[in-house]
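Please keep the sequence and the structure in view while reading.

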Amino acid sequence: MAKKGEIVAGVLAPHPPHLVYAENPDQNEPTAECGWETLRWGYERLRKSLSEIDYDVLIVHSPHWRTQVGTHFLGVEKFKSLSVDPIFPNLFRFHYDLTVDVNLAQGIHDEAKGAGLVTEMMTNPDFRVDYGTIVSCHMTNPDWDKPLVGISSNGGARYFNMDVLGATMLKLGEATRKAVEASGKRAVLLASNSLSHRHFTTESEVVEDMSKEHINNHNQYLWDMRMIEMMRSGKGQQVLDVMTDFTEQATAETDGGSLTWLLSALGVPDYPATLHGYGTVIGTGNAVMEWRPGQEARA
Amino acid sequence: MSKQLREDVVRKGYVLPGLPHLLLAADQNPGWQKVRQAFQKVREDLESSDIDVIVVYSTFWPSVIGHQIQAREEPEWVHVDDQFHALGSIPYKMEIDSEFARELDRSCKDRKLHSRLIDYEGFPIDTGSVVVQQLINKDNRWPMVIVSSNVYADRAETVVYGKAVRDALEKQGKKAAAIVVSSLSNRMHTTHVDPKDDHFSSKKDHEWNLKYLEFLKEGRLEDVSQLSRQFHREARVPKVTAFKPFWWLSAVMGQNNLYAGEVYEYQPVMGTGAAVIGLTPANKAARDLEFDEDDPEAFAGERGVLGSNEDMSDSSGSDNPFSGANI
C-alpha cells in the first residue's frame with residue numbers, strides 16, 4: 001500500500017515584493033540598503049523551522065494570480081523568465097527559474113473538480129508566474145530546490161461576496177488535503193496574503209527608509225492584532241467566522257481566499273500557530289505564521 | 001455625423017474593449033467577430049485623421065503608487081493573459097512616445113498628482129493595452145503612451161489626471177487620439193461558457209449599457225462622465241473604488257457634450273458589455289445640462305500619509321492634516 005501523503009506545515013506567507021528587494025538576492029535587479037527587517041527575520045525563523053522537517057513540495061495560493069472563471073493551476077513543469085512587479089517595478093525585477101509538480105497540481109485540480117468547483121489547468125508555456133507566488137516561495141525557500149504547485153485566487157468576493165468565496169475556498173482546501181494524501185507527498189502550504197491591505201499611495205524617496213513605514217490606520221492594526229491573537233490561540237474556526245468582517249473592515253487581502261483555503265486544508269486548526277514575525281509594508285499589515293499539524297506552537 | 005466638426009488637440013476619443021477573445025478567438029462567436037471588425041473601422045478612422053500620438057488609459061492596468069506612465073521606447077514581449085491563457089500567446093512590439101510620456105509626467109506633477117515613469121525591460125504591459133495595440137496599431141503607425149488606472153483614485157484625482165494629459169498635448173503641440181480601454185458592464189461569466197453561447201451576464205447590465213450608448217451616440221460625454229458613480233453601482237462588479245474611465249476621457253477631451261458620437265459595435269464578450277465607441281469634437285452640444293460634480297484644477301487630496309502631521313499642514317497654516325482635501 002502506498003504511503004499516505006500529508007500536509008506537514010501551513011504558512012501564512014505574505015508577498016510584498018519589498019521583502020525580496022531588501023534581501024538583495026542575485027535574481028533581483030534592484031538593490032536595497034536595508035528594510036522591513038522584522039518581517040524578513042520572521043521569514044528567517046520560518047526557514048529555520050521548516051529546515052527541521054522533511055518536505056517534498058510547496059503549494060502556494062496567490063492573490064496576485066486572479067481568475068474570475070474558477071480556480072486555475074500551473075500546469076507546465078518548468079518556468080524561466082523575468083517577473084516585473086506591475087505596481088512596484090522599481091523594486092522587483094526578478095529572474096526566476098522554477099519547477100512545478102504538475103502531477104500534484106493535476107491531482108488537486110481533479111479533486112476540486114470532483115467536488116463541484118470550476119477548475120482549469122494552465123498549460124501555456126509563455127505564461128508569466130505572478131510575483132505573489134514568486135515572493136512567497138523565495139522568502140520561504142530561497143534555494144528554490146523544491147517544486148511548487150501554483151494555485152490562482154478566484155474573484156468571487158467581488159462578483160458575489162466574501163461568504164460565497166469562503167464556501168468555495170473551504171472546498172478547495174479539502175480537495176487540496178485529499179490530493180496531497182493521495183499523492184504520498186509531504187507538502188508545505190503557503191497562503192500568500194497580507195492581513196490588512198490599505199496601502200499608502202505615495203512612496204518615500206528612499207523606499208527602504210523605515211522612518212516612513214507604519215500601519216496605514218489604527219483600525220487596520222486593531223484588526224490585525226485580533227486576527228493574530230486568534231491564530232496564536234488555536235481559534236481557527238473563529239478566524240473563519242470573522243473572515244468576512246475582517247476582509248471588509250480592514251480592506252484585507254484575505255479577499256483572495258488564500259487564508260480560508262489554508263485553514264480548510266489544515267482541517268481548521270484548533271492548535272496554536274507560531275508567529276514568526278509581524279510588520280507593515282507600505283501601510284499594509286503582514287504576519288508570517290506557521291501551523292504545524294500535530295505539534296504545539298514553539299514561540 | 002451631421003454636426004459640424006471642430007478642431008481640438010484631441011482629435012478623436014474612443015472607448016474600446018480589451019479582452020483577448022477579440023484578438024485571439026473572434027472567429028468563435030459572430031458577435032466577437034463584429035466587435036473585431038469595428039476595431040478595423042477605428043483604424044480607418046485614425047488613418048483619416050492627422051494625429052501624432054495615441055494616449056491610452058487602461059482599466060486593465062491598476063496602480064497603487066500614484067499614476068504610472070509607460071515610457072519605454074520599444075517594449076517587446078510575448079504576452080499571456082492571466083485568465084484566458086488557453087487562448088494563446090500574443091507577441092507584441094510597441095512604439096512609445098517617451099518624450100510625450102515625460103511631458104505628461106511633468107504635467108501631472110504640476111497639477112500636484114503623484115506620477116512616475118515606467119521604463120523597465122519586461123514590464124508586464126496589460127492585456128487590454130496589448131489587445132488594442134494589436135488591433136488598431138500593430139504596425140506602430142502612431143506612437144502610443146499608456147497610463148495606468150490608480151485603484152484608490154476617485155473623481156477629482158482622475159479628472160485632474162485627464163487635464164494633465166491635455167496640458168502635455170498643448171505644451172508639445174501634439175494632436176492625439178485618446179482611448180480608454182474598458183468594458184461598459186464588467187460582469188464576466190464565472191463558469192466556463194461555450195463561446196457560441198455568450199450573452200450579457202445580466203439584463204440590468206445590458207439596460208445600463210444601452211442607456212450609456214444612447215448618450216454617447218448623442219455625443220454626451222460629460223453627461224456619462226457625471227453618471228459614472230451611478231453606473232458603477234448599477235452595472236459594475238466593484239473591483240475598484242470607482243468607475244473612472246469616462247472621468248478621464250471627458251477631462252482629456254474638454255469636459256463638455258460637444259461631440260459627434262458613433263457606436264461602431266456593441267456585443268457581449270464573456271458576459272461583459274463590449275462596445276466600440278468613437279467621439280469626434282463637434283460644434284453643437286447635444287445637451288447643455290447643469291452638472292453637479294466639482295471641476296478641480298489641481299489634486300489636493302491626501303498626500304502626506306508617509307510624513308508627520310507637521311509635514312501635512314497646508315500653506316494656510318492649518319494643522320488639520322486633511323485640510324488640503326477640500327477641493
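Buried area is the accessible area (1.4 Å probe) that two parts lose on being put together, summed over both. By that count, chain B and chain A bury about 3700 Å² between them. Carbon and sulfur atoms make up 57% of this area.

This is a predicted model, in which local features need pLDDT of at least 70, side-chain atom pairs count only at pLDDT 80 or more, and totals for chains, interfaces and linings use all residues. Residues are numbered from 1 along each chain as its sequence is written, chains are lettered from A and ligands numbered from 1 in the order in which they are written, and side-chain values use heavy atoms, with hydrogens and water left out.

**Chain B against chain A**

- The contact (heavy atoms within 4.5 Å) involves 41 residues of chain B and 41 residues of chain A.
- The rule finds one salt bridge across this interface; a salt bridge is a side-chain nitrogen of Lys or Arg within 4 Å of a carboxyl oxygen of Asp or Glu.
- A:Glu203 and B:Arg116 are joined by a salt bridge between their side chains, at 2.7 Å from N to O.
- Between chain B and chain A, 16 residue pairs are in polar contact, both residues at pLDDT 80 or more.
- A polar contact is a pair of N or O atoms within 3.5 Å; within protein, one must be able to donate a hydrogen and the other to accept it, and residues adjacent in sequence count only if both atoms are side-chain atoms.
- On the side of chain B that touches chain A, the elements giving two or more residues are strand 2 (53-63), strand 4 (76-79) and strand 6 (115-118) of chain B.
- Strand 2 of chain B gives the largest share of that side, three residues.
- Strands here (E, at least two residues) and helices (H or I, at least four) are DSSP runs, numbered from the N terminus.

**Two domains in chain B**

- The domain assignment, automatic or from a database, gives domain 1 (10-286) and domain 2 (297-327) of chain B.
- The C-alpha centres of these two domains of chain B lie 32 Å apart.
- Eight residues from domain 1 of chain B and five residues from domain 2 of chain B make the contact.
- The two domains of chain B bury about 630 Å² between them, with 51% from carbon and sulfur atoms.
- B:Arg111, B:Lys112 and B:Glu157 supply 51% of the area that domain 1 of chain B buries against domain 2 of chain B, more than any other three residues.
- Two salt bridges cross the interface of domain 1 and domain 2 of chain B.
- B:Glu297 and B:Lys163 form a salt bridge through their side chains, 2.9 Å from N to O.

**Salt bridges over all chains**

- A search of the whole structure finds 40 salt bridges over all chains.
- One side-chain salt bridge joins A:Asp255 and A:Arg158 (3.1 Å, N to O).
- This pair links distant parts of the chain, 97 residues apart: A:Asp255 is in the loop between helix 9 and helix 10 (258-265) of chain A, and A:Arg158 is in helix 5 (residues 156-159) of chain A.
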